[in-house]
There are 2 protein chains.
Amino acid sequence: MNTRLRAAALGTLAIAFVGTATAADLKPEEQIQTRQAGYSFMSWNMGKIKANLDGDYSQPQVEAAANAIAGIANSGMGALYGPGTDKDIGDVKTRVKPELFTDQEGVGEVAVAFIEAANNMAETAALGDEAEVKAAFGKLGESCKACHKKYRKD
Amino acid sequence: MNTRLRAAALGTLAIAFVGTATAADLKPEEQIQTRQAGYSFMSWNMGKIKANLDGDYSQPQVEAAANAIAGIANSGMGALYGPGTDKDIGDVKTRVKPELFTDQEGVGEVAVAFIEAANNMAETAALGDEAEVKAAFGKLGESCKACHKKYRKD
């Protein structure tokens, strides 16, 4: 699955950055809401993995949570950062910094690092060793924070 | 992957229905928001698959979208229907019908059907035959509607 997932990650990223008809189909406010939905759902699953590592460890629950995160991470969320999504739209607020829309190289770096960390987390969770999962989870959390630090307002 | 995913589906469902410490960690309004985030993100990915079937077909994009849906479907969303999440909480609105919280057998049936259809979609998307993907997508859409019809207000 490693190779397939990595290929998918790069393919998805390519899709994300050239933009697609699909991105155009969503209004800017819908793009903001949809990307926030993805992050919220990943956050819930990150919380579940943390709870498992801090308490009783359920391998199936951690694997399911990691697969949800990897599935979302690989879904081409870059398409949800289309024109007009760089600022609040009415009641739809965004914390994205303007730099995300101009620093293509830097965004590509954090995006690839995040997708690779998410895929590594899913692969590690499937194998079930708790210590390795803890390390993979730490790396994944770092990849989230790296992007937040550069491209998200406090 | 078929067997593994089916096992995960049943495991996840079991986790969902016995309830977990994780469910308790989220406030009822957060549970409603998180389940809606999951459905929103799946809806976006359903739209991408439809756009691919209606227009130019990109196998990697369809596979990525199907994996995102399957990942979310298998993540144990039943844990997001905890006590107090059966009605609006302030500005957090829900369209869930009361029956979802009492009809355990009926909910189990639509949940299993949905998870199986999502897994079938992901497996079919990975194989890449467009006609088979169209059929799998139709089945998945039916499984969504079956639950909406029984347990979601208009």
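Student: Does T124(B) count as buried or exposed?

Tutor: Buried means under 20% relative accessible area, exposed over 50%, and partly exposed in between, with a 1.4 Å probe and protein chains only. T124(B) counts as buried because its relative accessibility is 9%. By contrast, A113(A) is at 36% and so counts as partly exposed. This is a predicted model, in which local features need pLDDT of at least 70 and side-chain atom pairs count only at pLDDT 80 or more, while totals for chains, interfaces and linings use all residues. Residues are numbered from 1 along each chain as its sequence is written, chains are lettered from A and ligands numbered from 1 in the order in which they are written, and side-chain values use heavy atoms, leaving out hydrogens and water.

Student: Where does T124(B) lie, and which residues is T124(B) in contact with, leaving aside neighbours within four places in sequence?

Tutor: Helices are DSSP runs (H or I, at least four residues), numbered from the N terminus. T124(B) lies in helix α5 of chain B, residues 104-127. Contact means heavy atoms within 4.5 Å. With neighbours within four places in sequence left aside, T124(B) is in contact with E132(B), V133(B) and A136(B). Its side chain also reaches the backbone oxygen of N120(B) at 2.6 Å.

Student: How many residues does α6(B) have, and what span does α6(B) reach?

Tutor: The expected span of a helix is 1.5 Å times one less than its number of residues. α6(B) has 22 residues and reaches 32 Å from first C-alpha to last, close to the 32 Å expected.

Student: Which residues of α6(B) are buried?

Tutor: They are V133(B), A136(B), F137(B), L140(B), G141(B), S143(B) and Y151(B). An arc is taken from the directions from the helix axis to the C-beta atoms. Down the axis of α6(B), the buried residues fall within an arc of 155°, so they line one face of the helix. Their cover includes α3, α4 and α5 of chain B. The face turned away from the buried side carries exposed residues, among them K134(B), K139(B) and E142(B).

Student: What caps the N-terminal end of α6(B)?

Tutor: D129(B) does, with a side-chain oxygen 3.0 Å from the backbone nitrogen of A131(B).

Student: Which residues touch the most other members of the largest nonpolar core?

Tutor: A nonpolar core is a set of buried Ala, Val, Leu, Ile, Met, Phe, Trp, Tyr and Cys residues joined through side-chain atoms within 4.5 Å. Of the 57 residues in the largest one, I49(A), M121(A), L140(A), I49(B), M121(B) and L140(B) touch the most other members.

Note on methods:
Helices (H or I, at least four residues) and strands (E, at least two) are DSSP runs, numbered from the N terminus. A polar contact is a pair of N or O atoms within 3.5 Å; within protein, one must be able to donate a hydrogen and the other to accept it, and residues adjacent in sequence count only if both atoms are side-chain atoms.
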